[in-house]
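The following report describes a single protein chain, moving from its overall build to one helix and then to a few backbone details.

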Amino acid sequence: MQFNTDKCHLIRFTRRQKVIDAHYHLGGSQLSSVNEYPYLGLSFSTDMSWQKHIGKITTKANKMLGLLRRNLRSCPLRILEQTYISLVRPHLEYCSTIWSPHSKKDITKVESIQRQAARFVLQRYQRRDSVTSMLQELE
């Protein structure tokens with residue numbers, strides 16, 4: 001089997017301050033060392049922190065939600081709900097069992113997108129409207 005050495009990288013998973021610096025070779029060329037690497041839609045980092053991955057997926061979901069807001073303002077609620085479920089939620093749920101947020105900061109990032117989407121789908125933007133009841137209504 002032939003490997004393309006330009007596409008092969010080295011990533012070390014450790015929480016140590018001082019990393020053992022070893023050089024690995026494949027097919028006569030040295031593999032480049034990276035701090036973060038995307039694989040199957042997940043962003044793996046050397047410290048096994050999911051903060052960068054969560055930042056990327058919330059950015060994608062927020063961009064998609066913005067697109068829906070701009071283009072589907074006057075659609076019926078059923079259509080808005082279906083587009084949210086099919087275009088925004090997959091970004092937030094893909095492999096969530098692996099990167100499941102455990103820090104308050106990461107949980108807040110993911111939940112803020114869901115709260116914005118609930119307001120958009122139900123077309124309730126008043127401050128007095130409870131987002132928690134909206135989320136329960138949508139489930």
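How many helices and strands make up the secondary structure of the protein? The secondary structure comes to five helices and six strands, where helices (H or I, at least four residues) and strands (E, at least two) are DSSP runs numbered from the N terminus. From the N terminus on, the elements run β-β-β-β-β-β-α-α-α-α-α.

This is a predicted model, in which local features need pLDDT of at least 70 and side-chain atom pairs count only at pLDDT 80 or more, while totals for chains, interfaces and linings use all residues. Residues are numbered from 1 along each chain as its sequence is written, and side-chain values use heavy atoms, with hydrogens and water left out.

**Overall dimensions and surface**

The C-alpha trace of the protein spans about 60 × 35 × 20 Å along its principal axes. The radius of gyration of the protein is 20 Å, whereas a compact globule of 139 residues would have one near 14 Å; the radius is taken over C-alpha atoms, and the globule rule is 2.2 Å times the number of residues to the power 0.38. Of the 139 residues, 24% count as buried, with buried meaning under 20% relative accessible area, exposed over 50%, and partly exposed in between (1.4 Å probe, protein chains only). Among contacts (heavy atoms within 4.5 Å) between residues at least 6 apart in sequence, 51% join residues at least 24 apart.

**Helix α4**

Helix α4 covers residues 104–122, and its end C-alpha atoms are 26 Å apart, which agrees with the 27 Å that its 19 residues should span at 1.5 Å a residue; the expected span is 1.5 Å times one less than the number of residues. Buried residues of α4 include D106, V110, I113 and F120, and the buried residues of this helix pack against α1 (51–71), α2 (77–93), α3 (96–99) and α5 (131–138). Just after α4, Q123 takes a positive phi of about 55°.

Most residues other than glycine have a negative phi.
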